[in-house]
Amino acid sequence: MIRKNVLVTGAAGYIGSELVKNLLWGGFRVVAFDNLSFGGESLLAFWGHPNFRFIKGDLLNEEDVKGALKGINYVCHLAAIVGEPPCNKYPDLALKVNWEASVRLYERCEEAKIERFVFASTCSNYGKMADVNYFLDENAELNPISLYAETKVNFEKYLLNIKNSTIVRTILRFSTVYGISPRLRFDLTVNEFTRDAALNKPLLIYGENFWRPYCHVSDLANSVKIALLADSEKVANQAFNVGDTAENYTKKMLMTEISKELPSLKVNYHSVVNDPRDYRVNADKIKNILGFKISKTVPDGIREIASVVGNKLISDPLNTKYRNV
Ligand SMILES: NC(=O)c1ccc[n+]([C@@H]2O[C@H](COP(=O)([O-])OP(=O)(O)OC[C@H]3O[C@@H](n4cnc5c(N)ncnc54)[C@H](O)[C@@H]3O)[C@@H](O)[C@H]2O)c1
């Protein structure tokens, strides 16, 4: 196999660090690019690996970006201000990073003659489904109801509307992520609820009947590798939902799953809706076209988080470093 050089932006992040691991195991040479907003411990395990190189750089700095693209074949663009709360707290930065700097990155990729560009988008782009009886596939209308999703939708549209580019562009709309990765996050539904239940904290649940698709972080990382290895005509200028159609859950269903693992779970439901996103996603396209299959389900992720917290592998799971804001 000819080893390709892959630049991963946001490589120190929750999904990025898992992707670095996956790509190194897959025989790629990886250049990890990150400004280390949440530190860099997540990359320590790769230090010294012959196919790993780290560049501390900022997407907002043109020179950092140009330098990072030297000798690169493929770019996986994950760096972003991630999630609604941080985008609402830092709206100017969110626009700069998720939109303006992403467009500039792509322009530099054109100049650097990059072969493939994979963009980490989100199923949050679907917002709120009009009909609860349907599962949203890639042809469903995008209905962003947050600044975060707006920036993601705008960059998706930009990528899909580019004419005369030789770069194979692939958009991966990730489901909501859960599970253990080198940079753990406890501000994501499954991880946060399971942690709190494992710490015997009563849960307060808003919008218990709202749907969301879920996918394990290692499976999401694997989807990126699969997209990079796929025949270009299968992935060029296309969006894929990433997850599994059977892995859509309401928050109430998550409570049922968590209580199977942690029977002392205490839950209070609140009628106020603090997050109006409500969508069920069909992820059959990536399965049928790219042969992508998940290896873990939400109950597996709940067991994983419950055992890590229960065995006290993390001394301070409530520390704010495990959150994006
Ligand atoms: N976590 C989820 O549930 C989820 C779901 C769908 C899509 N996504 C997408 O996947 C990608 C990764 O998400 P994550 O959960 O790993 O987030 P994360 O916040 O853990 O990681 C993002 C990384 O990007 C880096 N970064 C931010 N701004 C930067 C800049 N200006 N220059 C260089 N690096 C910068 C941060 O330091 C961080 O390491 C994001 O694009 C996100 O929108 C995540």
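Colleague: How are residues numbered, and which pLDDT is needed for local features?
Modeller: Residues are numbered from 1 along each chain as its sequence is written, and side-chain values use heavy atoms, with hydrogens and water left out. In this predicted model totals for chains, interfaces and linings use all residues, side-chain atom pairs count only at pLDDT 80 or more, and local features need pLDDT of at least 70.

Colleague: Which residues come nearest to the ligand?
Modeller: A residue is near a molecule if one of its heavy atoms lies within 4 Å of it. There are 31 residues around the ligand, and those that come nearest are Ile15, Asp34, Ser37, Tyr148 and Arg183.

Colleague: How far does a polar side-chain atom of Asp34 lie from an oxygen atom of the ligand?
Modeller: A polar contact is a pair of N or O atoms within 3.5 Å. A backbone N or O atom of Tyr14 lies 2.9 Å from an oxygen atom of the ligand, and for a backbone N or O atom of Ile15 the distance to a ligand oxygen atom is 2.8 Å. For the polar side-chain atom of Asp34, the distance to an oxygen atom of the ligand is 2.6 Å.

Colleague: How much of the area that the ligand exposes when taken alone does the protein bury?
Modeller: Accessible areas come from the Shrake-Rupley method with a 1.4 Å probe. Taken alone, the ligand exposes 830 Å², and the part of that buried by the protein is 97%.

Colleague: Which element gives the most to the shell around the ligand?
Modeller: Helices (H or I, at least four residues) and strands (E, at least two) are DSSP runs, numbered from the N terminus. Two or more residues of the shell come from each of α1 (14-25), β5 (116-122), α5 (147-161) and β7 (176-178). The element that gives the most, with three residues, is β5.

Colleague: Why is the pair of Phe46 and Phe52 called tilted?
Modeller: Rings of Phe, Tyr and Trp (its six-membered ring) pair if their centres lie within 6.5 Å, and planes under 30 degrees apart count as stacked, over 60 as edge-to-face and the rest as tilted. The centres of the Phe46 and Phe52 rings are 5.8 Å apart. Their planes are at 45°, so the pair is tilted.

Colleague: Is Trp47 buried or exposed?
Modeller: Buried means under 20% relative accessible area, exposed over 50%, and partly exposed in between (1.4 Å probe, protein chains only). With a relative accessible area of 53%, Trp47 is exposed.

Note on methods: Polar contact = N/O pair within 3.5 Å; in protein donor to acceptor, adjacent residues only side chain to side chain.
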